[in-house]
Amino acid sequence: MSTARRGGGPLARDPLAELLGDANAGNRDSLGRILAATAPAVLGVVRVILGADNPDVPDVAQESLLAVKDALRTFRGEASLTQYARQIAVRTALAARRGRGARDRLLERFRRESAVTPSEDPAGDPVLRARRTAAFRGLLDDLPEEQAETFAMRVVLDYTLDQVSAATGAPINTVRSRVRLAREKLKLKIENDPDLWDVLRGEA
């Protein structure tokens with residue numbers, strides 16, 4: 001089973017995909033190897049979307065891996081299994097964020113309002129980085145589900161528009177529109193804070 005390179009060319013055979021048949025047939029060793037190999041990528045995505053210090057990270061990462069396990073039978077080989085697991089982690093983490101709702105937003109607001117940004121070296125300031133990240137995560141809460149998923153794949157997973165289209169099943173023009181609308185909403189969210197503009201870096 002081959003996968004596609006981000007630039008469009010073929011990749012070498014995915015060793016995890018070679019375990020797929022046995023895993024789906026009930027082989028616990030093969031399933032365990034797939035989940036163990038994809039767990040670091042899943043955890044990384046969950047940490048980005050929820051925040052590394054979020055106490056829900058371990059539970060959401062575990063929930064994501066269970067979702068990966070349940071989704072293995074529908075894997076079509078359009079990406080590597082690790083990429084597939086990361087896509088599932090994006091969806092699971094976004095759902096978890098929406099479940100936290102107002103409590104999470106109030107916490108982020110408190111952190112932003114309590115932060116004092118040093119006047120020197122703003123680009124390297126950890127408080128400023130935290131504010132950028134908070135703006136991004138807050139945007140994910142405010143966006144419609146499909147826009148949030150598309151934008152997270154584009155920004156968190158660094159997927160191309162073609163890859164997002166393949167992962168979500170949406171036409172490329174729809175993907176492009178969702179990313180554009182998300183960026184516009186983020187722009188409105190931070191228009192009074194110029195230091196946050198580099199959140200918008202990247203081609204749409």
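Mentor: A nonpolar core is a set of buried Ala, Val, Leu, Ile, Met, Phe, Trp, Tyr and Cys residues joined through side-chain atoms within 4.5 Å; buried means under 20% relative accessible area, with a 1.4 Å probe and protein chains only. The model is predicted, so local features need pLDDT of at least 70 and side-chain atom pairs count only at pLDDT 80 or more, while totals for chains, interfaces and linings use all residues. Residues are numbered from 1 along each chain as its sequence is written, and side-chain values use heavy atoms, leaving out hydrogens and water.

The chain has 9 helices and 0 strands, both taken as DSSP runs numbered from the N terminus (helices H or I, at least four residues; strands E, at least two). Of its 204 residues, 44% are buried. The largest nonpolar core holds 48 residues, and V46, I49, L81, V90, L140 and F151 have the most contacts inside it. Among the elements that give two or more residues to this core are helix 2 (28-50), helix 4 (81-100), helix 6 (126-142) and helix 7 (145-155). In soluble globular proteins, nonpolar side chains tend to be buried together.

L81 deserves attention. Leaving aside neighbours within four places in sequence, L81 is in contact (heavy atoms within 4.5 Å) with D14, L16, A17, L20, I34, T38, L72 and F75. F75 in turn forms a tilted aromatic pair with Y84, at 5.0 Å centre to centre and 55 degrees between the planes. Rings of Phe, Tyr and Trp (its six-membered ring) pair if their centres lie within 6.5 Å; planes under 30 degrees apart count as stacked, over 60 as edge-to-face and the rest as tilted. Both F75 and Y84 are buried.

Key:
Buried < 20%, exposed > 50% of the residue type's maximum accessible area, 1.4 Å probe, protein only.
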